[in-house]
Amino acid sequence: MATVETARGDEAALITTVIPDAEALASSTFQVAVAGLVAASLAALHEAGFPHPVRMWTFIPGIHAPMGDGLDRYRVFNAGRYDGFARWLGRTTPTAASLPAASAVGHHCRGLTMCALGSRTQGVHVENPRQAPAFTYSLAYGPKPPCFSRGTVVSLPTGSRLLISGTASIRGEDTVHAGSLSAQLEETLGNIDLVTRNVPGPDRFAISGVETARVYFPRVADRAWLASAVAAALPAAAAIEFVHARVCRPELLVEIEATVAAS
């Protein structure tokens, strides 16, 4: 039985939903449960008066655990997320205009936790010209593709913000620089830079406008090097958080999400 909690402010609402002991669910049951969780999160945002999802986070137990048919838990999660968006949207295929920025990483608990941030107004979803949109990935990455945009622009009283999804060393749809943390970090930062420069409309963004960043890393020993390298690459005033967590692909050594202010 999933739990749903709502935190509401003047400009946004945050819905937190949890599937307790999701790690114990079989593949088909897990997929159905994730689809229900997505639909419940989006419905709760609508009921709270903030019907437009602009950012989502999911924390997945045993993210790389095998679940049969050559699929790990992350790929089964993607299938459930796809089904949940399709159900909510009333169509068989989610569209780019409906998919917010998102991150999905592993954690060390048995439950699956999803957080959905909603706005009163539709955000502007942004892609990266160097990467395939995640929702167009081929079957090489699972039976149904990940459902998120590379970034979403939201309007706030303090100005526009670009919410950048979890970003890693991926070009097209493929991992690049396997085995090299330094090269993966450089590619990741380059992808973040490209997203900031690909925002349509009058607002201008740049990596120099990063206000907050969260760095996910699967190897504990990499933290010190990452702390120095990321701090050197981002603005001195940026608040940077480091989280030990496995990311979506076993070969990826770093993933970064960020909030960027318009210049």
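In which loop does Ala-237 lie?

Analyst: Ala-237 lies in the loop between α4 (223-233) and β12 (239-244). Helices (H or I, at least four residues) and strands (E, at least two) are DSSP runs, numbered from the N terminus. The model is predicted, so local features need pLDDT of at least 70 and side-chain atom pairs count only at pLDDT 80 or more, while totals for chains, interfaces and linings use all residues. Residues are numbered from 1 along each chain as its sequence is written, and side-chain values use heavy atoms, with hydrogens and water left out.

Ala-237 has a relative accessible area of 76%, so it is exposed. Here exposed means over 50% relative accessible area, buried under 20%, and partly exposed in between (1.4 Å probe, protein chains only). The C-alpha atoms of Ala-237 and Gly-68 are separated by 46 Å, and the two residues are 169 apart along the chain.

Asp-21, in the loop between β2 and α1, is partly exposed at 36% relative accessibility. His-177, in the loop between β10 (174-175) and α3 (181-197), is partly exposed at 34%. Each has a positive phi although it is not glycine: near 55° for Asp-21 and near 65° for His-177.

Now the chain as a whole. Its secondary structure comes to four helices and 13 strands. The radius of gyration (taken over C-alpha atoms) is 17 Å, close to the 18 Å that the globule rule (2.2 Å times the number of residues to the power 0.38) gives for 263 residues, so the chain is as compact as a globular protein of that length. Buried residues make up 51% of the 263.

Of the 17 residues of α2, 12 are buried, so the helix is largely enclosed by the rest of the structure. Among them are Arg-73, Tyr-74, Phe-77 and Phe-85. The cover over the buried residues of α2 includes α1 (27-48), β3 (52-61), β4 (101-107) and β5 (112-119). Just after α2, Gly-90 takes a positive phi of about 75°.

Tyr-74, Phe-77 and Phe-85 are also among the residues with the most contacts inside the largest nonpolar core, which has 45 residues. A nonpolar core is a set of buried Ala, Val, Leu, Ile, Met, Phe, Trp, Tyr and Cys residues joined through side-chain atoms within 4.5 Å. The largest share of this core, eight residues, comes from α1.

Phe-30 is another of the residues with the most contacts in that core. Leaving aside neighbours within four places in sequence, Phe-30 is in contact (heavy atoms within 4.5 Å) with residues including Ile-60, Arg-73, Phe-77 and Leu-112. Apart from this core lies another, of 26 residues, among them Leu-162, Val-230, Leu-253 and Val-260. In soluble globular proteins, nonpolar side chains tend to be buried together.

Arg-73 also lies over the face of Phe-30, at 5.8 Å from the ring centre. For this, NZ of Lys or CZ of Arg must be within 6 Å of the ring centre and within 35 degrees of the ring normal.
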